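Please read each point alongside the model.

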Amino acid sequence: MNIRCETLPDYPAIAEVNTLAFGQENEAKLVEKIRDSDRYISDFSLVAEVENVVVGHILFSYIDLVGEETLEVLGLAPLAVRPQFQRQGIGSALIKAGLETAEAKKEAIVIILGHPEFYTRFGFQPSVVYEIESPFPVPEEFFMVKPLQKYQNMYKGKVIYPAAFDEV
Ligand SMILES: CC(C)(COP(=O)(O)OP(=O)(O)OC[C@H]1O[C@@H](n2cnc3c(N)ncnc32)[C@H](O)[C@@H]1OP(=O)(O)O)[C@@H](O)C(=O)NCCC(=O)NCCS
């Protein structure tokens, strides 16, 4: 398995992986909307390929953390692995690669809405621990953050997702 940044020819395969993994097109559309927005960072759209076929995809993009001031922080969404390739470590490898990129780019914190059993393995903790509030009512263990080396305690407040996320 190889992990690398997405390139334009990967777009259809990325849409397919997301549609198959989620069983709906919403996440594939989300990826396209984020790509078309000013919150997209190409270094943070990674694909996992096996024998030159894209089998997994992860995207991190900027979302807002609104406290005393509004700070741009990384949101992780979506993460998808082609169903036949799940439970082989590909999703975990994509998360680790993304977090390494985030550290290298001196990002401060990553936000995720997802399953706690999976994401706590990578150091994510409930956001309430860091006084970070979800924009929607979800059980607090599902809305998680991972502070990175550049984290400072100014990173607190309420998360606001950009319009690209409206229909997900
Ligand atoms: C979640 C997902 C990205 C994980 O990718 P993956 O490559 O299978 O993950 P890994 O092999 O690295 O990790 C395996 C862990 O993921 C979880 N997992 C993966 N596939 C699963 C499935 N079909 N059912 C339940 N749990 C699953 C398990 O906790 C598993 O741990 P275990 O094998 O120790 O029990 C993948 O299952 C997927 O694309 N799911 C559909 C889309 C989705 O829900 N995305 C996450 C949105 S937050």
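1. Helices (H or I, at least four residues) and strands (E, at least two) are DSSP runs, numbered from the N terminus. On that basis strand β4 contributes 4 residues to the shell around the ligand, the largest share. This is a predicted model, in which local features need pLDDT of at least 70 and side-chain atom pairs count only at pLDDT 80 or more, while totals for chains, interfaces and linings use all residues. Residues are numbered from 1 along each chain as its sequence is written.

2. The ligand is surrounded by 16 residues, the closest being Ala21, Gln86, Gly91, Ser92 and Gly114. Elements giving two or more residues to this shell are α1 (11-22), β4, α3 and α4 (116-119). A residue is near a molecule if its C-beta atom, placed from the backbone, lies within 6 Å of it.

3. The peptide bond from Ala77 to Pro78 is cis, with omega near -5°. Most peptide bonds are trans, and most residues other than glycine have a negative phi.

4. Two loop residues have positive phi without being glycine. Asn52, with phi near 65°, lies in the loop between β2 (45-50) and β3 (53-66). Glu131, with phi of about 55°, lies in the loop between β6 (125-126) and β7 (132-133). Are these residues buried or exposed? A residue is buried if 20 or more other C-beta atoms lie within 10 Å of its own, exposed if 12 or fewer, and partly exposed in between, with C-beta atoms placed from the backbone. Asn52 is exposed, with 6 other C-beta atoms within 10 Å, and Glu131 is exposed, with 12.

5. Helix α3 (residues 90-104) has 15 residues and spans 21 Å from its first C-alpha to its last, close to the expected 21 Å. The expected span is 1.5 Å times one less than the number of residues. Its buried residues are Ile90, Leu94, Ile95, Gly98, Leu99 and Ala102. The cover over them includes β1 (2-5), β2, β3, β4, β5 (109-113) and β8 (143-147). After α3 comes Lys106, whose phi is positive, near 60°.

6. Strand β8 is largely enclosed by the rest of the structure, because 4 of its 5 residues are buried. Two strands pair if DSSP finds at least two bridges between them. β8 pairs with β5 in the antiparallel sense over 5 bridges, with Lys146 as the bridge partner of Val110. β8 also runs antiparallel to β6, joined by 2 bridges, and Met144 is the bridge partner of Pro126.

7. Pro147 also belongs to strand β8. Pro147 is partly exposed, with 18 other C-beta atoms within 10 Å. Which residues does Pro147 contact, leaving aside its neighbours within four places in sequence? They are Ile109 and Tyr130, where contact requires C-beta atoms, placed from the backbone, to lie within 7 Å. The C-alpha atoms of Pro147 and Ser134, which are 13 residues apart along the chain, are separated by 16 Å.

Note on methods: Contact = placed C-beta atoms within 7 Å.
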